Amino acid sequence: MEQRHLGRTGLRVSRIGLGTLTWGRDTDEHDAAEQLKAFWEAGGTLVDTADVYGGGEAEYVLGQLVERLVPRRDLVIATKAGSVAHPDRRFDGSRGHLLAALDASLARLGTDHVDLWQIHAFDPDTPLDETLQALDIAVSSGRARYAGVSNFCGWQLAKAATWQLAAPGVRTRLASTQMEYSLLQRGIEREVLPAALDLGVGLLPSSPLGRGVLTGKYRSGVPTGSRGASDHMAPFVEPYLDEDASRIVDALATAADGLASTPLEVALAWVRYRPGVVAPIVGARNAKQLMAALSVEALSLPDEICRALDDVSAPVHRYPDQDWSTL
């Protein structure tokens, strides 16, 4: 699998990442082991997790598999901190919480460092410089090799990345931003992606298959055993089961038929080649699903297919995103 630099850093990652959102909950250790082994054997290196996935179980399962199944040196382990299960707040970006969360992640992962540590979301109740200082401490102490953010909107990303660049050698450059990006969710193209491109921050798209909808399996309803049929994941899938999504999925299926491919492969190939994208993060319930995604490595989309998919999924961008003189 091809390796790409993450942003303007020396860190190289596989151009598809393995997601672990369901590990320790819907994906047991046996299935997780099969996924990790298949991913590694295909040349994959980037494994993405978070301290809240499965209430910490995703990190724990990954930690049990590393070294026993795959050499630690062959993996780029990325995790996140900042999301909290609290009735009054969803995110805690305080320096104390973040560093304590990192130590807990390292214990579950069974390692003395992570390769990429990411702030899971912007916390409006904590000064941004305090949140970012946690990244600097993590890197300077050796507990993280590189740092990034996740779910920051355009101005938040621009402010954070610029702040970190203001004191080179003292503050840690942001290597990445992880954001949802797919044919069904192109909102980051308004401001996040231009900011990332300008500031040299690599994009790691999450949910590149539109939360599973772009595989085409929901075209005739919600299949038994799918995420959309589970109590805890149905609200996650439901927003992408509307008429607009159906139109995009139909166009995707037509393109896939013309390429003798699958909707999954075409959707993943589309997002993989978007400007600024480094490595889409793909989550799967089992190794069979993962191998279907990894097969996209050999697929290149013709320009006319890309243009057709761009047109059918194009978001509405008006003032101030367009040149004001054309409005």
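Helices (H or I, at least four residues) and strands (E, at least two) are DSSP runs, numbered from the N terminus. The model is predicted, so local features need pLDDT of at least 70 and side-chain atom pairs count only at pLDDT 80 or more, while totals for chains, interfaces and linings use all residues. Residues are numbered from 1 along each chain as its sequence is written, and side-chain values use heavy atoms, with hydrogens and water left out.

Start with strand β6, residues 114–119. Here 6 of the 6 residues are buried, so the strand is largely enclosed by the rest of the structure. Buried means under 20% relative accessible area, exposed means over 50%, and partly exposed lies in between (1.4 Å probe, protein chains only).

β6 has strand partners. Two strands pair if DSSP finds at least two bridges between them. Strand β5 (residues 76–81) runs parallel to β6, and 4 bridges join them. In this pairing, T79 stands opposite W117 of β6. β5, helix α3 (residues 95–109) and β6 together make a right-handed β-α-β unit. A crossover is right-handed if, with the strands pointing away from the viewer, the path from the first strand over the helix to the second runs clockwise.

Strand β7 (residues 144–150) also pairs with β6, in the parallel sense, over 5 bridges. The bridge partner of I119 is V149 in β7. From β6 the chain crosses through helix α4 (residues 128–140) to β7, and this β-α-β crossover is right-handed too.

Q118 counts as buried because its relative accessibility is 0%. Its side chain makes polar contacts. A polar contact is a pair of N or O atoms within 3.5 Å; within protein, one must be able to donate a hydrogen and the other to accept it, and residues adjacent in sequence count only if both atoms are side-chain atoms. The side chain of Q118 makes one with the side chain of D48, at 3.4 Å. Another joins the side chains of Q118 and Q178, at 3.0 Å. Contact in general means heavy atoms within 4.5 Å. Neighbours within four places in sequence aside, Q118 is in contact with residues including A78, T79, G148, V149 and L204.

Next come the loops. D92 lies in the loop between β5 and α3. D92 is buried, with a relative accessible area of 14%. The side chains of D92 and S94 are joined by a polar contact of 2.8 Å. Leaving aside neighbours within four places in sequence, D92 is in contact with G82, V84, H97, L98 and D123.

Rings of Phe, Tyr and Trp (its six-membered ring) pair if their centres lie within 6.5 Å; planes under 30 degrees apart count as stacked, over 60 as edge-to-face and the rest as tilted. The whole structure holds 3 aromatic pairs. In one of them, the rings of F122 and F152 have centres 5.5 Å apart and planes at 85°, so this pair is edge-to-face. The pair links distant parts of the chain, 30 residues apart: F122 is in the loop between β6 and α4, and F152 is in the loop between β7 and α5 (154–165). Both F122 and F152 are buried. With W155, they form one aromatic cluster.

N151 is found in the loop between β7 and α5 as well. Phi of N151 is near 60°, a positive value in a residue other than glycine. N151 counts as partly exposed, at 41% relative accessibility. E67 also has a positive phi, about 75°, although it is not a glycine. The place of E67 is in the loop between α2 (57–65) and β5. E67 is exposed, with a relative accessible area of 55%.

Finish at helix α10, residues 287–294. Its buried residues are A287, L290, A293 and L294. They cover an arc of only 115° around the axis, which puts them on the same side of α10. That arc is taken from the directions from the helix axis to the C-beta atoms. An α-helix has 3.6 residues a turn, so residues three or four places apart point the same way. The buried residues of α10 pack against β3 (17–19), α1 (29–41), α9 (263–272) and β10 (281–283). N286 caps the N-terminal end of α10, with a side-chain oxygen 3.2 Å from the backbone nitrogen of K288.
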